[in-house]
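The structure is shown first.

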Amino acid sequence: MNLIHLYSEMDVEIKKLDVETILAQTFSYIKDPNIQWVISSMAKEMLQDQELTPDKMQIYGSGKYSKTIKIGEYVFKVGEERCTPKIKNDLRNIQPLFRRRIGDNYEKVFIEVQNLVDKEWYKGLTEEEIKEELYKVFSEMYDRGVRWTDVRKENVGRLLKPNTGIYNINGQELKGEAKAKGFIEDESQEQIEVLDAGELVVIDTDFIFDSKQDKISYGTNSFYKEFKERYLKEKEARLANKEENTPTLLTSVLEASKTAVTHKDIETVAHSVVDYNKSKNIQIDTKDTKKLEQR
């Protein structure tokens, strides 16, 4: 898009610029003409769908692996090999139309198409509130065995439409297969639950790992280590609290009665246990009932 700015200073009519020229200059490091053709063709389809001219394309962001272009209500990412070419399909990941590598051994490029989201979801929130929102997403994914390690507010967006993964472009309803979207799972394992508009999703999925993976990397400015430590401590506390509050049989009987327990009460409970075990063919030592009486 820098080319548009350059031409505008040279009195060249922007409307006469073609998509191929603009993208060839924007991604000048891509030498393969076939890959350049694929990129420009996809951009043309998105522009045509929304009846936009090429000068409406905008640089939307630049990350470690890719440059992002905003084309109307779509986001078009083009870049180098991803840290995680294949990712877990989690409901908190934005559902792309396309997320895969194209090219051969000579040159490989990653391309991704996403729906536009609200990137400024955190405006008006305090830093503490932002961290809590990020932690909710992180801990929810961690529960499901997904390790999101580049935890930053810039990598999250608020959905403007349901996260179905279905795209309507130029009158066609399109949905990429699991392989085209770079998911580890096959079609039969795809997520059924869909987040509605207004929910937060991870839009930069370059650091999404499966908990079964041996090697996991994370960004230097990420909350990953802090959130992981907090998550494990909270989980440990929940388990300890659960064990502490799990009543024994005798405690349950005492709490239920709220009165002095007679010999007959204990005998009744003991015989009930024996009768139940007999019905289930479970062997029980009768000495246990005498011990219960003595206690």
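## Largest pocket

In this predicted model, strand β1 gives the most to the lining of the largest pocket, with three residues. Strands here are DSSP runs (E, at least two residues), as helices are (H or I, at least four), numbered from the N terminus. A pocket is an open set of points on a 1 Å grid over the protein atoms alone, where a 1.4 Å probe fits, with protein on both sides within 12 Å along at least five of seven lines; lining residues have an atom within 4 Å of a point.

The volume (space filled by probe spheres set on the points, joined across faces, edges and corners) is about 510 Å³. Of 26 lining residues, Ser 62, Gly 63, Arg 152, Asn 155 and Asp 204 are the closest to the centre.

## Second largest pocket

The second largest pocket holds about 170 Å³. Its lining includes Arg 99, Arg 100, Arg 101 and Phe 110, and β4 supplies the largest share, three residues.

## Sheet

Five strands form an open sheet in the order β1-β2-β3-β5-β4, with antiparallel pairing (at least two DSSP bridges between paired strands). β1 (58–62) and β4 (98–103) each have a single partner strand, so one side of each lacks a neighbour in the sheet. Six bridges join β4 to β5 (residues 108–115), and Ile 102 stands opposite Val 109 in β5.

## Basis

Residues are numbered from 1 along each chain as its sequence is written. Local features need pLDDT of at least 70, side-chain atom pairs count only at pLDDT 80 or more, totals for chains, interfaces and linings use all residues, and side-chain values use heavy atoms, leaving out hydrogens and water.
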